[in-house]
Amino acid sequence: MSILSVSSLLQPLNTFGKRSDGIGAAVEAPKTDEAYILDLSDRKNVGISAEKSSVSGGMSYGSLLKSVQEQTVNVQDRLTRLLLSRNIDYSENIKFKIDDNGKIRVDGENAGKEAIEQVLNEDSEFSAELKRLLNDASDLAREEVQQKYQIALEDDENKDDEEKKLMLENKVIEINNQITKLSGSFSLDGGSLNIASLQFAAGVSF
């Protein structure tokens with residue numbers, strides 16, 4: 001599965017709540033506690049109510065979108081600089097995942113696997129910033145799915161059919177479960193940061 005690069009992030013994410021100001025200059029993301037843990041729980045897999053109007057701790061959809069865009073630029077820049085500091089070639093696609101212990105791991109075979117994992121995990125500030133981005137990106141992915149669900153429900157001629165509505169709700173739950181599984185996955189391809197949960201959500205249809 002191809003996953004979303006920074007350069008293509010704006011297109012699928014602007015399908016809803018499109019902004020005219022774009023990303024703008026990269027803004028230094030707020031510093032986070034180095035013990036920040038990526039949330040891979042199922043606590044966000046419910047909540048398909050039509051009344052839902054905000055995400056990620058009360059942040060509006062538009063604010064979360066902008067935050068994810070800015071964080072993505074910052075994390076990409078920091079990630080590439082960390083690799084360059086150890087003369088690690090990142091021209092090819094390198095896949096990553098966060099393991100059960102919260103460590104950044106290279107997913108698959110790579111000649112510089114140990115060196116890559118070492119340089120990324122020894123920088124606790126970067127690790128926390130990355131995990132914050134992945135969490136926010138998963139929240140945004142769920143909100144994209146939620147909005148697609150609402151549109152599908154409103155446009156359906158049989159929207160008052162309880163069986164059809166239940167089917168759609170179950171599909172949302174299944175999709176959110178998949179987003180949870182992808183929450184810790186990302187890659188760096190030719191210097192572009194890709195986030196699996198966002199690309200998955202962009203490809204969802206009802």
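Leaving aside neighbours within four places in sequence, which residues is Lys171 in contact with? Lys171 contacts Ser205 and Phe206, where contact means heavy atoms within 4.5 Å.

## Basis of the model

This is a predicted model in which local features need pLDDT of at least 70, side-chain atom pairs count only at pLDDT 80 or more, and totals for chains, interfaces and linings use all residues. Residues are numbered from 1 along each chain as its sequence is written, and side-chain values use heavy atoms, with hydrogens and water left out.

## Overall layout

The protein has 6 helices and 4 strands. Both are DSSP runs numbered from the N terminus: helices are H or I with at least four residues, strands E with at least two. From the N terminus the order is α-α-β-β-α-α-α-β-β-α.

Of the 206 residues, 48% count as buried. Buried means under 20% relative accessible area, exposed over 50%, and partly exposed in between (1.4 Å probe, protein chains only). Among contacts with a separation of 6 or more, 79% join residues 24 or more positions apart.

## The sheet

The 4 strands form an open, antiparallel sheet in the order β2-β1-β3-β4. Strands β2 (104–106) and β4 (192–195) are at the edges with a single partner strand each, so one side of each lacks a neighbour in the sheet. Neighbouring strands are turned by 25° against each other on average, direction ignored. Two strands pair if DSSP finds at least two bridges between them.

Strand β1 (residues 94–98) pairs with β3 over 4 bridges, and Lys97 stands opposite Ser185 in β3. With β2, β1 pairs over 3 bridges; here Ile98 faces Ile104. The β1-β2 hairpin has 5 residues between its strands, and Gly102 in the turn has a positive phi of about 80°.

Helix α3 (residues 113–121) lies across β1 and β2, at about 165° to β2. Helix α4 packs on the sheet, touching β1, β2, β3 and β4, and its direction makes about 50° with that of β4. Axes are lines fitted to C-alpha atoms, for helices over the stretch in contact; angles run from 0 to 180 degrees between N-to-C directions.

The largest nonpolar core holds 42 residues, of which Leu83, Phe96, Leu120 and Phe186 touch the most other members. Helix α4 (residues 124–155) supplies the largest share, 10 residues. Such a core is a set of buried Ala, Val, Leu, Ile, Met, Phe, Trp, Tyr and Cys residues joined through side-chain atoms within 4.5 Å. Beyond its neighbours within four places in sequence, Leu120 contacts Leu79, Leu82, Leu83, Phe96, Ile104, Phe126 and Ser127.

Buried in α5 are Leu168, Val172, Ile175, Asn176, Ile179, Thr180 and Leu182. Down the axis, these fall within an arc of 160°, so they line one face of the helix. The arc is that of the directions from the helix axis to the C-beta atoms. Their cover includes α4, β3 (185–189) and α6 (196–202). On the other side, Glu162, Glu163, Glu174 and Lys181 are exposed.

Lys171 is also found in α5. Lys171 is partly exposed, with a relative accessible area of 32%. The C-alpha atoms of Lys171 and Tyr149 are separated by 9.1 Å, although the two are 22 residues apart along the chain.
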